[in-house]
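Welcome, and please open your viewer beside this page.

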Amino acid sequence: MAPPPPASMPLSQRLMHLAQTLQFGWFVGHLTLILCTIRYGLSYITLNYYSTWAKVSYRTAFIAAAATYGIVVYKAFRARARANARQQGSPIALAGDENVQYLVMALVWLFSRQVPLALLPFTVYSIFHVATYTRANLLPTITPPQQSATTGTSPGARPTAKSSPLGDSIGRFVKEYYDVSMTVVAGLEIFLWFRILLSAITFTKGSWILLLVYTVFFRARYSQSSFVQGAIGEFTARADALFANQSLPPVAKQAWQTFKGIVRQAANATDINRYVGGQQPGMKKAQ
């Protein structure tokens, strides 16, 4: 992230300087997504999820999501252009970018029927992005860190900046809960796949196309995220233990083994790392 404006500027100018950056638009997008999700959640709890306010909140949340990931994709494209890159990357390499994947899914959800669960992974990401931006940019802009007096007799010693207590609290929150939250996101994305599968089985309009698109997205996530791989491994282990129960009929056990074999073969045949240079999982995170 770009550094905050100089502390010598007046507060109004510092805020104006901050608001004129693409980063600030990215921050506003994530904040808007969180607020819209909360508003939609209130409608969902009161069973008014098809009311006008609920529909507006749901669609606006995904407009905000598309805007934030679009900004990140645009900045990455512009950075490569400034570096005089001869080529911006093949379509396969572009599809391997997690931010492109989430941008596409945000647009898919925007124009699809309402699936409330689809909001949650985006919202969890947004919470951490808003927290990180607030700590690194917003707080230092509003209250620039003060220089503490040096101690000791060393003539070359420089004063150090006092850290913000609120910023320190935000930093501890991000450090403590990030891994747990990413595991939760992985679980939500797995559960969302089964939610779409159920809609497809019941022949809900457009569900088979949505299932295909989301399956491609989720396969890419599995290739790149250690959290998704861990969640899949835990889910498989629990399912293996369940189907190992002697009270289950042999046909159920055989069906589970067949299903696992088909999924494993499909996963091996669609390994995106074969086409994007063998990118290691867990090295990137969506912005």
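Is Phe62 buried or exposed? Select Phe62: with a relative accessibility of 1%, Phe62 counts as buried. Here buried means under 20% relative accessible area, exposed means over 50%, and partly exposed is in between, using a 1.4 Å probe and protein chains only.

Before moving on, a word on what you are viewing. This is a predicted model, in which local features need pLDDT of at least 70 and side-chain atom pairs count only at pLDDT 80 or more, while totals for chains, interfaces and linings use all residues. Residues are numbered from 1 along each chain as its sequence is written, and side-chain values use heavy atoms, with hydrogens and water left out.

**The whole chain**

Zoom out and colour by secondary structure. The protein chain has 10 helices and 2 strands, arranged along the sequence as α-α-α-α-α-α-β-β-α-α-α-α. Helices (H or I, at least four residues) and strands (E, at least two) are DSSP runs, numbered from the N terminus. Of the 287 residues in the protein chain, 36% are buried.

**The largest core**

Now select Phe62, Trp109, Phe122, Leu192 and Tyr214, which touch the most other members of the largest nonpolar core, a set of 49 residues. A nonpolar core is a set of buried Ala, Val, Leu, Ile, Met, Phe, Trp, Tyr and Cys residues joined through side-chain atoms within 4.5 Å. Several helices supply at least two residues each, including α3 (52-82), α6 (119-142) and α8 (207-224). Helix α7 gives the most, with 12 residues.

Go back to Phe62 and show its neighbours. Leaving aside residues up to four places away in sequence, Phe62 touches Ala106, Trp109, Leu110, Ala118, Leu119 and Phe122. A second, separate core has 9 residues, among them Trp26, Ile34, Val130 and Leu138.

The structure holds 24 aromatic pairs. Rings of Phe, Tyr and Trp (its six-membered ring) pair if their centres lie within 6.5 Å; planes under 30 degrees apart count as stacked, over 60 as edge-to-face and the rest as tilted. Phe122 counts as buried, at 3% relative accessibility.

Then select Phe194 and Phe235, a tilted pair with 5.6 Å centre to centre and 45° between the planes. Phe194 belongs to helix α7 and Phe235 to helix α9, so the pair ties together parts 41 residues apart in sequence. Phe194 is partly exposed at 33% relative accessibility, and Phe235 is partly exposed at 36%.

**Last stop: Ala76**

Finish in helix α3, where Ala76 lies. Ala76 is partly exposed, with a relative accessible area of 26%. How far apart are Ala76 and Asn99 in space? Draw a line from C-alpha to C-alpha: the two are 9.9 Å apart in space and 23 residues apart in sequence.

Definitions and conventions: Contact means heavy atoms within 4.5 Å.
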